[in-house]
Amino acid sequence: MLLLEFVDGRPMLGVLAEGRLSRSERDDLLRRFAAAWSRRHRIALETGEPGFVQEHGTFQHVLVAGERLVTIDLEQLFRRAGNSLPLVSKEIAAYLRSLWKGVDAETYRRDLEALVDGYDTREILAAAVNEYHYNRGRLRRWMWALDRMRNARRGRGKYVALQRLEELLRERHPEAFSTARVRSRTSVDAASTRSRRAPASSG
Ligand SMILES: Nc1ncnc2c1ncn2[C@@H]1O[C@H](COP(=O)(O)OP(=O)(O)OP(=O)(O)O)[C@@H](O)[C@H]1O
Ligand SMILES: [Mg+2]
């Protein structure tokens, strides 16, 4: 049986963009989001299940319904289990980019601070930075270089957003990098999981 629930809420992107929240309300919302974000990422890494990670990470895919924050559009349910870190890393970068739309540099910095504050397992953020910036195969490095060139012109892409995050983390929580050996379930666990699941059908 498939159950669907209608959530009577609005996408968080709009809530943030309309600028009606005071700074402390905005901090509170971002911190609450980050706490749930961190939990979800930890589960994704521990279980290796891609269904816990959004393919299109954006605050448009988080609904604010009073005190509730509901994550929608988890499209990767049918992908094979494995190392979730590359997916988590990409999702984090995409969220940070979406947050940047329509805000000035000062607001963005404060927003990042609130997110990092609320994010319980900062080693995951550090591991995501490492994964995105340094741990890439040749093809992905090449695609990433292209992305960096494009975004350098626009100035507000995923690469630059993760650089901002890295700067903030190194300034405030440098210890996160020394312990950032976050790995999701790797070969052994993934192999046993794979036998129970159909092969990936979406890329
Ligand atoms: N208010 C809501 N309550 C419950 N579920 C919702 C609500 N809004 C969206 N969803 C669920 O989330 C899914 C994704 O919604 P979304 O608005 O991202 O549509 P989409 O088809 O992915 O469009 P886009 O390509 O613009 O992201 C919907 O298919 C629906 O199942
Ligand atoms: Mg969608």
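The shell around ligand 1 divides into four nonpolar residues, one polar and two charged, where Ala, Val, Leu, Ile, Met, Phe, Trp, Tyr, Cys and Pro count as nonpolar, Asp, Glu, Lys and Arg as charged, and the others, Gly among them, as polar. Before you go on, note that this is a predicted model, in which local features need pLDDT of at least 70 and side-chain atom pairs count only at pLDDT 80 or more, while totals for chains, interfaces and linings use all residues. Residues are numbered from 1 along each chain as its sequence is written, and chains are lettered from A and ligands numbered from 1 in the order in which they are written.

Select ligand 1 and then Glu-5, Phe-6, Val-7, His-61, Leu-63, Ile-72 and Asp-73, which surround it; a residue is near a molecule if its C-beta atom, placed from the backbone, lies within 6 Å of it.

Stay with Asp-73, which sits in the loop between strand S3 (68-71) and helix H3; helices (H or I, at least four residues) and strands (E, at least two) are DSSP runs, numbered from the N terminus. The phi of Asp-73 is near 65°, a positive value in a residue other than glycine. Most residues other than glycine have a negative phi.

Next, colour the protein chain by its elements, and you will find nine helices and three strands.

Now select H3 (residues 85-100) and H7, whose axes, lines fitted to C-alpha atoms over the stretch in contact, come within 8 Å and cross at roughly 95°. H3 and H7 are therefore roughly perpendicular to each other, a word used for angles of 65 to 115 degrees. Ala-93, Ala-94, Leu-96, Arg-97 and Trp-100 of H3 meet Lys-158, Ala-161, Leu-162 and Leu-165 of H7, contact being counted when C-beta atoms, placed from the backbone, lie within 7 Å. By class, this contact of H3 with H7 has seven nonpolar, no polar and two charged residues.

How values were computed:
Axes fitted to C-alpha atoms, helices over the stretch in contact; angles between N-to-C directions. Parallel < 35°, antiparallel > 145°, perpendicular 65-115°, else oblique. Contact = placed C-beta atoms within 7 Å.
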